[in-house]
Amino acid sequence: MEWLGLEIHPETPSSGVSLNEKFSKSNLDSMLKNLNHSGSLYGINFGKLERMPNSHNALEAAEFARSHEKLKEYHSSLMDAYFRDLKDIGDLDVLSDLGKNLGLNKEELIDAVKNRNYETILNNSANDAHSMDINSTPTFIINDKYSVVGAQPIEEFRKILDKIK
């Protein structure tokens, strides 16, 4: 399995945006209800999400972590920071603290993000995703042919794997 970063809302200002401004109340309520229900099935608790950060810096920081063989741990920390702890994952201090907690050099991470060292990788990932009509996360591509979009139950994956057999 390979994780590729994809910025879903690149138009989001660097300060983030209120979820109430981004989505209608009924869509937001439904989305958060589904998120909390799905998480509860696996013992995952979500904070009361109110803002959507600009995720570009987080994607750059994740690529920095990948280059230091810490992507899985960093990605997990990043998800907890946003969804559970309600931190602004667009903020360099938040991102560098997450990296420091995993043994990454805080200053190097900040420099890499500020200098956009991984911009080419992110652009290539976005181009690949768009060429496959991927515009939401998570999206799982299996055998370069089948896709599972969103946080789906294991049964959806089993159906595809049964087709492949």
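1. Helix α4 is followed by L86, whose phi is positive, near 60 degrees. Helices here are DSSP runs of H or I with at least four residues, strands are runs of E with at least two, and both are numbered from the N terminus. The model is predicted: local features need pLDDT of at least 70 and side-chain atom pairs pLDDT 80 or more, while totals for chains, interfaces and linings use all residues. Residues are numbered from 1 along each chain as its sequence is written, and side-chain values use heavy atoms, with hydrogens and water left out.

2. α4 itself has 14 residues and spans 19 Å from its first C-alpha to its last, close to the 20 Å expected at 1.5 Å a residue (the expected span being 1.5 Å times one less than the number of residues). Its buried residues are L71, Y74, L78, A81 and Y82. Buried means under 20% relative accessible area, exposed over 50%, and partly exposed in between, with a 1.4 Å probe and protein chains only.

3. Viewed down the axis of α4, the buried residues fall within an arc of 95 degrees, so they line one face of the helix; the arc is taken from the directions from the helix axis to the C-beta atoms. An α-helix has 3.6 residues a turn, so residues three or four places apart point the same way. The cover over the buried residues of α4 includes β2 (51-52), α3, α5 and α6, where contact means heavy atoms within 4.5 Å.

4. M79 also lies in α4, but counts as partly exposed at 30% relative accessibility.

5. The largest nonpolar core has 28 residues, of which Y74, L78, I89, L95 and L109 touch the most other members. Helices α2 (25-40), α3 (56-67), α4 (71-84), α5 (92-101) and α6 (106-114) each supply at least two residues of this core. Such a core is a set of buried Ala, Val, Leu, Ile, Met, Phe, Trp, Tyr and Cys residues joined through side-chain atoms within 4.5 Å. A second, separate core of five residues includes I142, Y146, V148 and F157.

6. Leaving aside residues up to four places away in sequence, Y74 touches A58, A61, A62, A65, L95, L98, G99, L102, L104 and L109.

7. In α5, L92, V94, L95, S96, L98 and G99 are buried, and the buried residues of this helix pack against α3, α4 and α6. D91 caps the N-terminal end, with a side-chain oxygen 2.9 Å from the backbone nitrogen of D93. Just after α5, G103 takes a positive phi of about 90 degrees.

8. The whole structure holds three aromatic pairs. Rings of Phe, Tyr and Trp (its six-membered ring) pair if their centres lie within 6.5 Å; planes under 30 degrees apart count as stacked, over 60 as edge-to-face and the rest as tilted. For F46 and F83 the centres are 5.6 Å apart and the planes at 85 degrees, so the pair is edge-to-face. This pair links distant parts of the chain, F46 being in the loop between α2 and β2 and F83 in helix α4, 37 residues apart.

9. Y82 and F83 are likewise an edge-to-face pair, at 4.7 Å centre to centre and 70 degrees between the planes. Y82 is buried, at 11% relative accessible area, whereas F83 is partly exposed, at 26%. F46, Y82 and F83 form one aromatic cluster.

Conventions
Polar contact = N/O pair within 3.5 Å; in protein donor to acceptor, adjacent residues only side chain to side chain.
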